[in-house]
Amino acid sequence: MSSAGPGAHPLTFAELWRELEPVGRDPQTGGYRRYSWTPADTACRAWFTGQAERRGLAVETDNNGNLWAWWGPKRPGAIATGSHLDSVPDGGAFDGPLGVVSALAAVDVLKDKAFSPERSVVLAAFTEEEGARFGVPCLGSRLLTGAVDPDAARVLTDDAGTMLADAMIAAGQDPGYLGPRDDLLAGLGAFVELHVEQGRALAPQGAALGLAEGIWPHGRWRFDFTGRADHAGTARLADRRDPMLPYAATVLAARQAAADNNAVATFGKVIVEPNGTNAVPSAVRAWLDARAPDEAAVADTVTTIRSASESFCEEHRVTLSVRQESFTPLVRFDQALRDRIAGTLAAAGVTAPVLPTGAGHDAGVLAARIPTAMLFVRNPTGVSHSPAEHADLADCEAGVRALAAVLEDLAGPT
Ligand SMILES: [Zn+2]
């Protein structure tokens, strides 16, 4: 996509950003629909590959569809950085791509000062981090670490009924080799993910950057409310078995349960059948996302919502089935790595407050296997997973400089 040939000055962060910005953006909403293994995702992957190759990095797609761009030979102790390119439905521009684009820009900063890594640096772009298409967040990193069974992953289906295996084949990727890669993980000495802040903790502190302390435990539950379709004009209220009613009551119960447990709980996705204005629905499928500072609070919240939902369903003669689709335990990032990064940043005059986060990340999955850290770039409004998600260019550039300094320290001479 770049017109500049080899040898030309590398693109600045802003120029890289502008190149990727239109890919997968919906003209109506301004939000992104970069779902894994769709043409928008393929275009993002091609863009990343092209930019990495222009920098002389060797790019490979692993058996799980994650992209790795190597600066230096593949040998143990490599320092990995990156994030993801996929989005939630109508997501913002920054969640994911900021970490990938910053990784490319950080390589430029280091090459400009003729830095040569002693430990190889590898840029990663993980697949299906949001779980927006196949329902399991961090699918690419979970397959990599073995946290998701490959046979179960292959048959995950999107809302149109397409299986992951078929979606991968359609995008030219062989799904036959999905599964853990202990060899690849054993070669990584550390992973640092730069990400836009989700929430608004940095702005009040006047800090452009932050460091992650840990990730709240979180999970997804699918609620199936099954009733009986009927005519919206002729079916008497008393005769109806309308699944929308217990669903609606459950949404309100979730809000209350979250407030009572110092948690957050959200029904953000719902599918109604047959979805006709003049029809009593036959079924409502809804997904609950629940998170809290500790696992007991998540469990209490979900148990409360579930038992409330059961009684609403009984009242309306609707059947309910609830299934957990994913769960991620509490993640604590590596303290020694965080302290080292804080030291590097302090030496560069950057103070980065340490923050907990309610958002899941590939870094949280990798933290179970290798020393992992996260660097947050200030989000002035705190809004994320929305077209309004934003970070100021100056803060993004500060993030690139910080990431470059961190890579220089971690991959440089000991
Ligand atoms: Zn993200």
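The largest pocket of this predicted model holds about 1400 Å³ of space, and of the 50 residues that line this pocket, the closest to its centre are E130, G131, A132, R220 and D289.

**The largest pocket**

- Which elements give two or more residues to the lining of the largest pocket? They are α5, β7 (218-226), β9, β11 (283-291) and β12 (319-328).
- Strand β11 provides the largest share of this lining, namely five residues.
- Sorted by class, the residues that line the largest pocket are 17 nonpolar, 17 polar and 16 charged.

**The chain as a whole**

- Taken along the principal axes, the box filled by the C-alpha atoms of the chain is roughly 75 × 45 × 40 Å.
- Of the 414 residues in the chain, 54% count as buried.
- G31, whose place is in the loop between α1 (13-20) and α2, is buried, with a relative accessible area of 0%.
- Although G31 and E389 are 358 residues apart in sequence, their C-alpha atoms are 9.4 Å apart in space.

**Helix α3**

- Helix α3, which covers residues 97-112, has 16 residues and reaches 22 Å from its first C-alpha to its last, close to the 22 Å expected at 1.5 Å a residue.
- Why can α3 be described as largely enclosed by the rest of the structure? The reason is that 13 of the 16 residues of α3 are buried.
- After α3 comes A114, and the phi of A114 is positive, near 60°.

**Salt bridges**

- Side chains of opposite charge can pair when their charged atoms come close, and the structure holds 20 salt bridges.
- One of these salt bridges joins D41 and R45, with the closest N and O atoms 2.9 Å apart; because the two residues are four apart in helix α2 (residues 39-54), they are separated by about one helical turn.
- Are D41 and R45 buried or exposed? Both D41 and R45 are buried.
- A salt bridge also forms between D159 and K269, where the closest N and O atoms are 3.2 Å apart; since D159 lies in the loop between α5 (150-154) and α6 (164-170) while K269 lies in strand β9 (residues 264-273), the pair ties together parts that are 110 residues apart in sequence.
- Within this pair, D159 counts as exposed because its relative accessibility is 53%, which is over the 50% cut-off, whereas K269, at 29% relative accessibility, counts as partly exposed.
- R236 and D239 are joined through their side chains in a salt bridge with an N to O distance of 3.1 Å; here R236 counts as exposed at 54% relative accessibility, and D239 is partly exposed, with a relative accessible area of 35%.
- D26, R33 and D90 take part together in a network of salt bridges.

**Details of the backbone**

- Most residues other than glycine have a negative phi, and most peptide bonds are trans.
- D90, which is also part of the salt-bridge network with D26 and R33, is not a glycine and yet has a positive phi of about 55°.
- The place of D90 is in the loop between β3 (78-84) and α3, and D90 counts as buried because its relative accessibility of 19% is under the 20% cut-off.
- Where does the chain contain a cis peptide bond? A cis peptide bond joins E273 and P274, with an omega of about -5°, and P274 has its place in the loop between β9 and β10 (279-280).
- N275 also lies in the loop between β9 and β10, and its phi is near 65°, a positive value in a residue other than glycine.
- With a relative accessible area of 63%, N275 is exposed, while D90, the residue with a phi of about 55°, counts as buried.

Note on methods
Residues numbered from 1 in each chain as written. Predicted model: local features only at pLDDT ≥ 70, side-chain atom pairs only at ≥ 80, totals over all residues. Heavy atoms only, no water. Salt bridge = Lys/Arg side-chain N within 4 Å of Asp/Glu carboxyl O. Buried < 20%, exposed > 50% of the residue type's maximum accessible area, 1.4 Å probe, protein only. Expected span 1.5 Å × (residues − 1). 1 Å grid on protein atoms, 1.4 Å probe; cavity = no way out; pocket = protein on both sides within 12 Å on 5 of 7 lines; lining within 4 Å. Points joined across faces, edges and corners; volume = space filled by probe spheres on them. Nonpolar A, V, L, I, M, F, W, Y, C, P; charged D, E, K, R; others polar.
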